[in-house]
Amino acid sequence: MAAVFELAQTDAVSWLRSLPAASVDLLITDPAYESLEKHRAVGTTTRLKHSKASSNDWFSIFPNARFPEFFAEVYRALKKNAHFYLFCDPETMFVAKPIAEASGFKFWKPLIWDKKRIGMGYHYRARYECILFFEKGKRRLANLGVPDIIEAPRVHNGYPTEKPVEVAEVLVAQSSLPGELVVDPFMGSGAFGVAAVRNGRSFAGTDISKDACRITKQRLLELSAQPGRLIATDSPESWAPERRVRKITRGEAA
Ligand SMILES: C[S@@+](CC[C@H](N)C(=O)[O-])C[C@H]1O[C@@H](n2cnc3c(N)ncnc32)[C@H](O)[C@@H]1O
């Protein structure tokens, strides 16, 4: 059973608005939150200043002021009983949590991605990142024995702030079933899409960056016998939509 995927190159919120209400089984995402700029400005994320995989030195930031419209659309797009995971730093956690709750989500806890080795930082060296665990309605986790600390080393394949596929695979296994639809509206290099497709889920995602879309498409094509199909783009000439793949409908897997 091969999973299918669809990618778009456009703004996260406008793309989410284009999805039918209650059509998504699981949403995992990692926005370009604005405190990343603060870390860059004080030089604690120098490795993020240039991406080998990208013609851009850095990606555009998604301002915290846009969180209310973003969370409202995430809530609308998710099915009645579904989970939502938001990767962020501890600073953004305090901003994002109340806004997501105001959109209707139940906040359970921050999960911790333990990178296993220290990184940059002048105020205790950074070793972890938060993954905020939200719920719409009620959905039981697949395995109640999984701990709230997920260990995986950082990955350095070139895209800035790329996340390990193994971390997302834990979330995919916990909060979706084979054939269900996993969505990421800030997909970057596509790590969450890879985790979904590798585990027999369908995937739909967007990113504002052309390089991100190119990298994700390449990674997913390598995984899937069926090519993806672009459903929306701000620069249609840069994409050649594949015609062999059907449009994803909810939970469909070929
Ligand atoms: C932290 S990165 C995601 C990294 C990804 N999780 C990975 O593993 O590679 C955030 C992404 O958000 C994208 N982005 C910034 N503003 C956006 C917007 N308004 N809509 C969609 N994507 C946006 C950036 O281009 C960047 O690729």
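What covers the buried residues of H5?

Modeller: This is a predicted model, and the description below should be read accordingly. Helix H5 spans residues 165-175, and its buried residues are Val165, Val167, Ala168, Val170, Leu171, Val172 and Ser175. The elements that cover these buried residues include the strands E2, E3, E4 (106-114), E6 (149-151) and E7 (181-184), together with helix H6 (191-198).

For H5 and H6 the angle is about 55 degrees, and the axes are 8 Å apart. H5 passes H6 in a right-handed crossing. On the H5 side, the contact is made by Val165, Ala168, Glu169 and Val172, and on the H6 side by Ala191, Phe192, Val194, Ala195 and Ala196. By class, this contact of H5 with H6 has eight nonpolar residues, one charged residue and no polar residues. Val165, Ala168 and Val172 of H5 belong to the contact and are also among the buried residues of the helix.

Ala191 of H6 links this contact to the ligand, as Ala191 is one of the closest residues to the ligand, along with Ala12, Phe59, Gly188 and Ser189. The ligand is surrounded by 22 residues, and by class this shell has eleven nonpolar, six polar and five charged residues.

Methods
Residues are numbered from 1 along each chain as its sequence is written. This is a predicted model: local features need pLDDT of at least 70, side-chain atom pairs count only at pLDDT 80 or more; totals for chains, interfaces and linings use all residues. A residue is near a molecule or strand if its C-beta atom, placed from the backbone, lies within 6 Å of it. Ala, Val, Leu, Ile, Met, Phe, Trp, Tyr, Cys and Pro count as nonpolar, Asp, Glu, Lys and Arg as charged, and the others, Gly among them, as polar. A residue is buried if 20 or more other C-beta atoms lie within 10 Å of its own, exposed if 12 or fewer, and partly exposed in between; C-beta atoms are placed from the backbone. Helices (H or I, at least four residues) and strands (E, at least two) are DSSP runs, numbered from the N terminus. Two residues are in contact if their C-beta atoms, placed from the backbone, lie within 7 Å. Axes are lines fitted to C-alpha atoms, for helices over the stretch in contact, and angles run from 0 to 180 degrees between N-to-C directions. A crossing is left-handed if the near helix is turned anticlockwise from the far one by less than a right angle, and right-handed if clockwise.
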